[in-house]
Amino acid sequence: MDCCISHTNPSSKILPLTSSFSSFLSFSTSTVVFPVNQRRIVVVASSKNNSQCDFSSLNTPLELKSPAGKLLSRVLQNDRKNFHHAVAGQLDHLVSERDEALARLSLSVGSSHASLYRRIAELKEQESQTAIEDVMYMLISYKFSEIRVHLVPRLSQCIYNGRLEIYPSKDWELESIHSLEVLEMIKEHLGAVIGWRADSSVTKNWATTNISKLRLCRIYAASILYGYFLKSASMRHRLELSLTDVNHDLRANTGTRLSLSDFWSYGLNLAFGRVQNKHVTAVGEASCSQVKRHEKLSSYVMGFDPEVLQMCAKPKSREAMNLIEKHSYALFGDEKSGLIEVDEIISTSLASQKRFVLEAVAFGSFLWDSEEYVDSAYKLKQN
């Protein structure tokens with residue numbers, strides 16, 4: 001099998017983990033388009049040369065640091081049916097530990113041991129945040145396992161002589177989680193970030209092309225944010241359409257308008273599962289009245305004002321934002337140093353780039369789910 005020689009220069013510039021992630025993603029603001037029988041995956045030219053490049057097990061790029069994360073990893077691999085019970089147990093344990101540390105701190109105020117208990121509470125908070133991020137990461141991994149897709153392992157383990165291909169690409173599985181309306185918007189995104197065209201020939205899609213690792217990392221991280229945005233916007237769209245339909249039917253029968261408080265009292269929680277008052281007021285009656293019945297998602301998104309657009313596109317929690325950063329750097333950074341070489345060129349294909357984008361969009365969608373689930377039990381930090 002022919003392999004392209006890596007263009008890496010030993011003196012290449014590197015991007016450290018300490019760089020501002022918002023600056024790192026500056027590329028995304030001009031690239032992401034806000035519309036306006038399981039087979040084993042093989043990494044070509046690497047599976048025979050590096051046994052660490054393994055898609056067949058829970059070989060995620062990000063290494064789990066906390067006992068909670070490592071426990072859930074074992075449960076996911078060996079006792080899937082009890083995975084959600086294990087997650088609930090870990091969340092309860094983390095809430096209990098945090099509350100206990102804060103209670104001790106509160107009781108120590110004014111005593112000679114106040115500084116000690118304050119330090120204990122700070123350390124417990126750091127440990128809890130790492131554990132919570134690991135729990136969210138395992139929830140995302142579980143969602144990928146449900147569609148029989150393994151996350152791409154660390155690229156430092158898989159790139160051989162600068163060459164990387166992923167086959168089979170699992171496009172169908174990664175697309176299966178989205179509605180037809182969302183898929184149309186993802187197609188536009190693919191065209192914007194990698195130049196993908198649905199009518200391109202197989203030969204063109206698998207032809208060798210070069211891309212810098214840094215650019216691919218930026219595309220991946222931006223696509224996670226886009227997937228998060230699509231899930232947030234589609235859930236908001238579904239909720240507001242439901243409110244519009246209920247109010248339309250009620251006006252037809254009684255000539256009066258159903259208030260939001262009455263609507264929620266009927267238990268028609270159709271979109272968010274556990275919705276708190278802050279989410280309800282974010283929708284509001286005014287915005288509901290402006291949604292046209294049967295309005296397409298793309299048209300609905302085009303009507304967002306900057307405030308609503310930011311509300312849907314920006315991860316709500318600090319833990320979610322940390323997870324995007326850590327996962328992206330773990331996937332594309334050097335295994336030992338965690339650095340991304342700016343000048344390193346990867347020889348791959350449009351088909352493999354598409355796999356990266358579809359995986360990232362799915363990751364963003366699953367991140368939204370995990371954030372909502374965890375926040376209902378363990379209050380996350382506002383981003």
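The model is predicted, so local features need pLDDT of at least 70 and side-chain atom pairs count only at pLDDT 80 or more, while totals for chains, interfaces and linings use all residues. Residues are numbered from 1 along each chain as its sequence is written, and side-chain values use heavy atoms, leaving out hydrogens and water.

Let's start with the overall picture. The protein has 16 helices and six strands; these are DSSP runs numbered from the N terminus, with helices (H or I) of at least four residues and strands (E) of at least two. Of its 383 residues, 49% count as buried. Buried means under 20% relative accessible area, exposed means over 50%, and partly exposed is in between (1.4 Å probe, protein chains only).

Now for the charges. The structure holds 20 salt bridges, each a side-chain nitrogen of Lys or Arg within 4 Å of a carboxyl oxygen of Asp or Glu. Here are some of them:

| Pair | N to O distance |
|---|---|
| Asp-79 and Lys-81 | 3.3 Å |
| Glu-97 and Lys-124 | 3.6 Å |
| Glu-122 and Arg-119 | 3.5 Å |

Glu-97 and Lys-124 form a salt bridge, and this pair links distant parts of the chain: Glu-97 is in helix H4 (residues 83-108) and Lys-124 in helix H5 (residues 114-146), 27 residues apart. Glu-122 and Arg-119 are separated by about one helical turn because they sit three residues apart in helix H5.

What about the cysteines? Cys-217 is buried at 1% relative accessibility, and Cys-312 is buried at 2%. The structure holds zero disulfides, meaning pairs of cysteine sulfur atoms within 2.5 Å.
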